[in-house]
Amino acid sequence: CINAEFGKQWYQRRVRGKTFQHYFKQINLRFSEMKNSIVCTKVVDKEDVAAMCLYYTSTVKSNTVAIDDIYNMVKIEAIRVFVAREDQNVVGILLSYPHYSTWVAESVVIRTILADNNHIKVCLFEAVIAEGKERGISRFDLFSTDENTIEVAQMTGFTNLTVSEDWHSYSLSISSS
């Protein structure tokens, strides 16, 4: 896992023309301890859903999360939730859901990612990507307005389709009455 500050340092060293091998050895030594202390797992039981909901409500200052509804969606895999823990405490969450396309088959949409720092976001991205690869998924989409999340996603390999392919995302809200 590499955080955003680390990516900036790597880029600055690259621009200055310094060798990478020595620098990457330092990266691995510095972050191996940090990576080992953070565990990212897929949520499968109600206890994990409750811990995730508690983290979510404390982070976004909301009290409108329905644990039973989320757990039911997790059980039928309508959503996939990943939790990052450090010393048994939840320090980050990632919510995703499957998306089916005629052109791409199944893909994963990452809708929400909340974490205490960018290093944890990278670990969560790595966890959802690893789980998706095991299932044969080759496309992951991200919807976010958070600049840190976008920066971390780009460091992880995500491409801004608005820039590269001129894709634009639109939304329509209608009244239910």
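Asn117 caps the N-terminal end of α5, with a side-chain oxygen that lies 2.9 Å from the backbone nitrogen of His119; a polar contact here is a pair of N or O atoms within 3.5 Å, where, within protein, one must be able to donate a hydrogen and the other to accept it, and residues adjacent in sequence count only if both atoms are side-chain atoms. The model is predicted, so local features need pLDDT of at least 70 and side-chain atom pairs count only at pLDDT 80 or more, whereas totals for chains, interfaces and linings use all residues. Residues are numbered from 1 along each chain as its sequence is written, and side-chain values use heavy atoms, with hydrogens and water left out.

Helix α5 covers residues 118–134, and its 17 residues reach 24 Å from the first C-alpha to the last, close to the 24 Å expected at 1.5 Å a residue (the expected span being 1.5 Å times one less than the number of residues). Helices (H or I, at least four residues) and strands (E, at least two) are DSSP runs, numbered from the N terminus. Of the 17 residues of α5, 13 are buried, so the helix is largely enclosed by the rest of the structure; buried means under 20% relative accessible area, exposed over 50%, and partly exposed in between, with a 1.4 Å probe and protein chains only. After α5 comes Gly136, whose phi is positive, near 85°.

What does the sheet look like, and in which order do its strands stand? It is an open sheet of five strands in the order β1-β2-β3-β4-β5, with mixed pairing, where two strands pair if DSSP finds at least two bridges between them. Because β1 and β5 (140–142) stand at the edges with a single partner strand each, one side of each is left without a neighbour in the sheet. Neighbouring strands are turned by 25° against each other on average, direction ignored. Helix α5 packs on this sheet, touching β1, β2, β3, β4 (105–115) and β5, and its direction makes about 160° with that of β4; contact means heavy atoms within 4.5 Å, while axes are lines fitted to C-alpha atoms, for helices over the stretch in contact, with angles from 0 to 180 degrees between N-to-C directions.

Within the sheet, strand β2 can be followed on both sides. Strand β1 (residues 38–42) is joined to β2 by five bridges, and the two run antiparallel; Cys40 has Ala84 in β2 as its bridge partner.

The hairpin of β2 and β3 has two residues between the strands. Asp87 lies in that loop, between β2 (80–86) and β3 (89–101), and has a phi near 55°, a positive value in a residue other than glycine. Gln88, also found in the loop between β2 and β3, has a positive phi near 70°. Most residues other than glycine have a negative phi. Asp87 is exposed, with a relative accessible area of 64%, and Gln88 counts as exposed at 68%.

For the chain as a whole, there are seven helices and five strands, and buried residues make up 33% of its 177 residues.
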